Amino acid sequence: MTLLTAGGTLTKAGQTAGKQTLKAVKVPEPYWQELGAGVAFLLLLGLLGLRQSLPQISIWYTDRALENYHERVLELDADNATAHFWGRLYEDLQKPDEARTQYQYAIALSNRLR
């Protein structure tokens, strides 16, 4: 998005296309610079917002990946006691019922294997 905006304002073709668009939308010529500054400001705010939300986005993707990995491990070996100790994962995801189920299953498997 930044490259498109910068390319549009820094190249002759981009400047021409921008002027044609503003004429087509019937924006008076004296307001073109103000409108350009406003668009640049909104782009800056959008990029700052994206930058600030990257940690939350990372956490969200990590949570989804761990859940999928856990499910896949259990599909391959339903009696894998270690995988059922992943109740901690569900605790971190604030899913206490799933965590309790995994802990109980892991304890039962561990007792059976003794």
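Student: Is Arg-100 buried, partly exposed or exposed?

Tutor: This is a predicted model, in which local features need pLDDT of at least 70, side-chain atom pairs count only at pLDDT 80 or more, and totals for chains, interfaces and linings use all residues. Residues are numbered from 1 along each chain as its sequence is written, and side-chain values use heavy atoms, with hydrogens and water left out. Buried means under 20% relative accessible area, exposed means over 50%, and partly exposed lies in between (1.4 Å probe, protein chains only). Because its relative accessible area is 45%, Arg-100 is partly exposed.

Student: Which residue does Arg-100 meet in a salt bridge?

Tutor: Side chains of opposite charge can pair when their charged atoms come close. A salt bridge here is a side-chain nitrogen of Lys or Arg within 4 Å of a carboxyl oxygen of Asp or Glu, and the structure holds 1 salt bridge. With a distance of 3.2 Å from N to O, the partner of Arg-100 is Asp-97.

Student: In which helix do Asp-97 and Arg-100 lie?

Tutor: Helices (H or I, at least four residues) and strands (E, at least two) are DSSP runs, numbered from the N terminus. Asp-97 and Arg-100 are 3 residues apart, about one turn of the helix, and both belong to the element spanning residues 96-113, which is helix α6.

Student: How many helices and strands does the protein chain have?

Tutor: From the N terminus on, the elements run α-α-α-α-α-α. The secondary structure therefore comes to 6 helices and 0 strands.

Student: Where is Lys-26, the residue that has a positive phi although it is not a glycine?

Tutor: The phi of Lys-26 is about 65°. Lys-26 counts as exposed because its relative accessible area is 72%. Its place is in the loop between α2 (12-24) and α3 (32-76).

Student: What accessible area do the residues of the nonpolar surface patch have together?

Tutor: Patches are made of residues with over 30% relative accessible area and no salt bridge, like charges being joined within 9 Å and nonpolar side chains (Val, Leu, Ile, Met, Phe, Trp, Tyr) within 5 Å. One of the members, Leu-47, lies in helix α3 and is partly exposed at 35% relative accessible area. Accessible areas come from the Shrake-Rupley method with a 1.4 Å probe, and for residues only the protein chains shown count as cover. Together, Leu-47, Leu-50, Leu-54, Ile-57, Trp-60 and Tyr-61 have about 590 Å².
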